[in-house]
Amino acid sequence: MSDILVIDDEQDIRELVADILKDEGYSARLARNSQTAFEEINRAEPDLIILDIWLKDSEFDGIDILKRTKRDNPNVPVVIISGHGNVEIAVAAVKQGAYDFIEKPFNIDQLLVVIERALEASRLRRENLSLKNPDPQSCEMVGHSPSFKALKAQLDKVAKTNGRVMLTGPAGTGKEIAARYIHARSPRAEGPFVSVVSASIGPEQMEAVLFGREVDGRIQPGLLEKAHEGVLFFDEVADMPLETQSRILRVLVDQSFTRVGGQNTVRVDIRFISATTKDLQAEIAARRFRIELFHRLNVVPLAVPPLADRREDIPALARHFIERLNHSQGLTKRDLSPQALNQIQLMSWPGNIRQLRNTLERILIMGPDRGPITPEELPKDHAAETGVTSELPSSMMLLTLREARLAFEIDYLQAQITRFKGNISQTAKFVGMERSALHRKLKTLGITSQPDPE
């Protein structure tokens, strides 16, 4: 329900407009002068303002209110109304940012049409701003493993071109992040990035969502138009209906299309990036994916590695997610204890990066508000599910090979000495060492033993 603020010094006009708006399903607030108008705007930004130019008993007139509104709330459309309207006032109002100008007495149908168009224009403007100015962290690539560096180098290279890219890999590996990374470093970075999740759109709605529609002369733009001069990202492209695949193929060839129910040709300039977890060759063999579309989209194939192939990146990824969750959701910023960090590196994450992020989010929500994350906070059944087979103590995994070998020798020989009650001869025989060599080893390691009974 859109919230509309009506500013007019005539009570009858205010209440009449408010009643009309409420009958049409809008929410209406009223103000009679600049003071009450600014109070309402500051209380909650309206979706649209209907503003009279001439306001009696008001510190500021309508033009002044318009100027201040466009300065402080630039995304709010303002429709000017006045019983003293003339061309000069109308031009002045439009120059100051008014969406439209209507003279009193106004036609109700005309007013409603202007309101509807102003709200739609505002919605599209906000949407375009969000497309052109995405969260910079949404395309941040994190890691230093060899497989990650190889992928990043490929992404950097392809970003400079206009080539179509096909990203493959298991679910949760970060294919959309890779696509956004390409966009952010491409000549189209100032253009929109539009994502299409094929699996979430029913076949009967797919064409209208992509191509838009025309109904009774009214245009509803589709995602292709919204991606003009930017990037259109097809997530799970294999789930696209066959009928839609044919139409998309024509767009790739001609860079043009017609809306559903329309006749006019719409021309677009779009870079296409696709992603899939499926084997597209198998989908082609099963006649579920058009081979012509595959060859058009698969110009530059890039494989996004699973988390199992980049375990060295897990500490950096974990810290990155904790930082982002703190920033975006206000969750407590907690470090991972060395033991917990070791444990998550040992796990095989079938859900890849997405599963790692979700696990950390759950821990930060449900866990204590302070102190490092401990192994006990990780899912109890996680090791069994992920097939972790290592029985080494977690403390051992934090050591270098040399340190681990030294620690093992000390614990092992101390245990054997205790087992044989300090008898060096029996201990040496069991461990497979000469008696003199064992003496030297114990001295080097600083291990004391009971006197040899011999």
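Let's start with N352, which is found in helix α15, residues 352–366; helices here are DSSP runs of H or I with at least four residues, strands are runs of E with at least two, and both are numbered from the N terminus. N352 has a phi near 60 degrees, a positive value in a residue other than glycine. Its relative accessibility is 3%, so N352 counts as buried; buried means under 20% relative accessible area, exposed means over 50%, and partly exposed lies in between, with a 1.4 Å probe and protein chains only.

A quick word on what you are looking at. This is a predicted model, where local features need pLDDT of at least 70, side-chain atom pairs count only at pLDDT 80 or more, and totals for chains, interfaces and linings use all residues. Residues are numbered from 1 along each chain as its sequence is written, and side-chain values use heavy atoms, with hydrogens and water left out.

Now compare K421, another non-glycine residue with a positive phi, near 55 degrees. K421 is found in the loop between α17 and α18, the latter being 424–431. Buried or exposed? At 66% relative accessibility, K421 is exposed.

Stepping back, the chain has 19 helices and 14 strands, and 44% of its 454 residues count as buried. Among contacts with a separation of 6 or more, 71% are between residues 24 or more positions apart, where contact means heavy atoms within 4.5 Å.

Strand β1, residues 3–7, is mostly covered, with five of its five residues buried. In a regular strand the side chains alternate between the two faces of the sheet. In β1, D3, L5 and I7 point one way and I4 and V6 the other, and all are buried.

Which strands does β1 pair with? It runs parallel to β2, residues 27–31, with five bridges joining them, and it pairs in the parallel sense with β3, residues 48–52, over four bridges. Strands count as paired if DSSP finds at least two bridges between them. L5 has R29 as its bridge partner in β2 and I49 as its bridge partner in β3. Together with helix α1, residues 11–23, β1 and β2 make a right-handed β-α-β unit; right-handed means that, with the strands pointing away from the viewer, the path from the first strand over the helix to the second runs clockwise.

On to Q255, which sits in the loop between α10 (242–254) and β11 (256–258). Q255 counts as buried, because its relative accessibility is 19%. Its side chain reaches the backbone nitrogen of I270 at 3.0 Å. Leaving aside residues up to four places away in sequence, Q255 touches R250, V266, R267, V268, D269, I270 and F272.

Finally, the rings. The whole structure holds six aromatic pairs, meaning rings of Phe, Tyr or Trp (its six-membered ring) with centres within 6.5 Å, stacked if the planes are under 30 degrees apart, edge-to-face if over 60, and tilted for the rest. In one of them, the centres of F408 and Y412 are 5.6 Å apart and the planes are at 20 degrees, so this pair is stacked. Both residues lie in helix α17, residues 401–419, four residues apart, about one turn of the helix. Y412 is partly exposed, at 30% relative accessible area.

Key
A polar contact is a pair of N or O atoms within 3.5 Å; within protein, one must be able to donate a hydrogen and the other to accept it, and residues adjacent in sequence count only if both atoms are side-chain atoms.
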